[in-house]
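Please look at the sequence and the structure first.

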Amino acid sequence: MNVTISPSSVRGTVRAPPSKSYTHRAILAAGYADGATVQNALWSADTRATAAAVDLFGGEVERLEDATLEIEGFDGRPDVPADIVNCENSGTTMRLVTAAAALADGTAVLTGDESLRSRPQGPLLEAIADLGGEAYSTRRNGQAPLVVTGPIAGTGVSIPGDVSSQYITALLMAGAVTDEGIEIGLETELKSAPYVDITLEVLEAFGVEARHTDDGFAVDGGQSYSPEGREYAVPGDFSSISYPLAAGAIASDEGLRIEGAQPSAQGDTAIVDVVERMGAGVDWDRETGTIEVSAGSLEGIEVSVEDTPDLLPTIATLGAVADGDTYIRNAEHVRYKETDRVNAMAEELGKLGVETTEEQDSLTIHGSDSMLEGATVDGCDDHRIIMALALAGLVADGETTIRGADHVDVSFPGFFETLEGAGVGLEREEA
Ligand SMILES: O=C(O)C1=C[C@@H](OP(=O)(O)O)[C@@H](O)[C@H](O)C1
Ligand SMILES: C=C(OP(=O)(O)O)C(=O)O
């Protein structure tokens with residue numbers, strides 16, 4: 001599907017979808033348990049891939065109503081999957097499921113779409129081998145398809161911290177049900193660190209203790225997953241909130257109200273501070289989980305995305321609309337996502353007339369408060385690139401067409417309906 005956005009202002013009330021990161025963890029944690037009900041779950045392409053993996057491990061994920069999942073678990077002992085595990089487009093699924101598969105007494109094969117088959121898995125495969133399993137990439141290039149044979153026993157491993165925090169999440173979640181537990185030593189500084197805090201928070205809610213150590217993280221073995229009251233509720237998603245928040249910051253004179261913004265461990269909460277620093281009007285009521293945002297005359301700022309890689313596309317578009325330079329640094333790991341997002345934003349904003357300077361670990365947007373030029377841009381089969389480019393379309397001169405826009409289903413199904421509800425003029429065309 002291609003979507004064409006007309007210049008529009010936004011107003012009214014929108015609701016953020018539930019957190020993708022929390023939902024993945026809650027579905028798998030309920031699988032590691034003997035089951036649980038997950039409330040306010042995100043049902044998107046990525047979380048469906050994790051649910052399908054739990055089914056293959058011998059659990060059962062049933063969607064009762066829109067956002068309630070009734071999950072039967074596999075009680076810490078995953079079956080050897082009876083089929084290939086297709087993780088589709090989801091890095092989180094592939095990393096978390098690889099470690100879970102390494103607990104089974106047999107061999108699992110994992111694959112995904114073309115984007116996922118180009119993302120780095122090597123450090124996790126080596127960690128599994130160090131823990132007594134066997135894990136390899138069929139192409140010997142550290143990328144999926146992966147073949148994983150368990151069971152791992154547990155004990156100590158070391159892993160780089162600057163490729164993906166999801167390796168650590170994966171090992172902590174699996175480590176709790178090994179005999180010996182897992183101690184993870186970090187070889188390099190940890191990037192995306194708040195995502196491990198999300199993991200610790202979900203583990204605690206499921207009655208599993210894991211902790212920071214002097215040089216990494218540790219989880220004791222022999223633990224059972226068991227959420228209090230057999231229920232878990234997912235908070236709203238701040239990566240997803242970044243899009244309506246940025247829309248309000250660049251295109252709302254009347255103000256836009258965003259609901260579902262309760263505080264949690266998400267590093268991407270930092271987007272609230274970013275739009276405020278750039279000059280938008282922002283009022284966040286943490287008790288009710290409501291953010292009111294209105295447009296201001298935005299100025300470029302310097303931002304590190306070390307902890308918040310998923311915010312780069314949103315901040316890049318904000319920078320394009322702001323006056324002066326927006327310097328986004330500590331961004332190298334943002335190149336290992338669904339696409340190389342540093343390059344993708346530089347290329348696609350360039351088509352709208354925006355000048356950028358790209359370096360290996362940074363992106364500088366030379367913004368101007370003069371109009372962007374509407375054009376046809378490529379969504380790069382990446383949900384966050386599509387949503388960030390849609391924001392630019394709100395203020396570009398003329399129409400902006402985004403090719404391959406259906407990929408928003410990965411994290412924010414209903415994204416374009418949400419924009420329409422806020423007053424955005426757009427047209428869909430089947431490609
Ligand atoms: O654990 C998670 O839920 C995620 C961790 C981050 O990835 P990295 O740790 O690979 O940077 C983030 O980019 C991704 O969208 C979700
Ligand atoms: C990178 C992302 O997710 P994943 O790593 O799970 O594919 C994302 O949602 O932006």
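## An open sheet and its helices

Four strands make up an open sheet of mixed pairing, in the order β6-β7-β9-β8. Strands here are DSSP runs of E with at least two residues, helices are runs of H or I with at least four residues, and both are numbered from the N terminus. Two strands count as paired if DSSP finds at least two bridges between them.

This is a predicted model, in which local features need pLDDT of at least 70 and side-chain atom pairs count only at pLDDT 80 or more, while totals for chains, interfaces and linings use all residues. Residues are numbered from 1 along each chain as its sequence is written, and chains are lettered from A and ligands numbered from 1 in the order in which they are written.

Inside the sheet, β7 (residues 107-111) and β9 (residues 146-149) run antiparallel. Ala 108 has Val 148 in β9 as its bridge partner. In general, strands of a sheet pair through backbone hydrogen bonds, either parallel or antiparallel.

Helix α3 (residues 91-101) lies across β6, β7 and β9, at about 170 degrees to β7. Helix α4 (residues 122-130) lies across β8 and β9, at about 160 degrees to β8. Axes are lines fitted to C-alpha atoms, for helices over the stretch in contact, and angles run from 0 to 180 degrees between N-to-C directions.

The axes of α4 and helix α5 (residues 166-175) come within 9 Å and cross at roughly 30 degrees. That makes α4 roughly parallel to α5 (angles under 35 degrees count as such). Pro 123, Leu 124 and Ala 127 in α4 meet Tyr 167, Ala 170 and Leu 171 in α5; residues are in contact if their C-beta atoms, placed from the backbone, lie within 7 Å.

## Strand β3

| Partner strand | Sense | Bridges |
|---|---|---|
| β5 (residues 68-72) | antiparallel | four |
| β14 (residues 231-233) | parallel | three |

Thr 37 has Glu 70 in β5 as its bridge partner, and Val 38 has Tyr 232 in β14.

Notes. Two residues are in contact if their C-beta atoms, placed from the backbone, lie within 7 Å. Angles under 35 degrees count as roughly parallel, over 145 as roughly antiparallel, 65 to 115 as roughly perpendicular and the rest as oblique.
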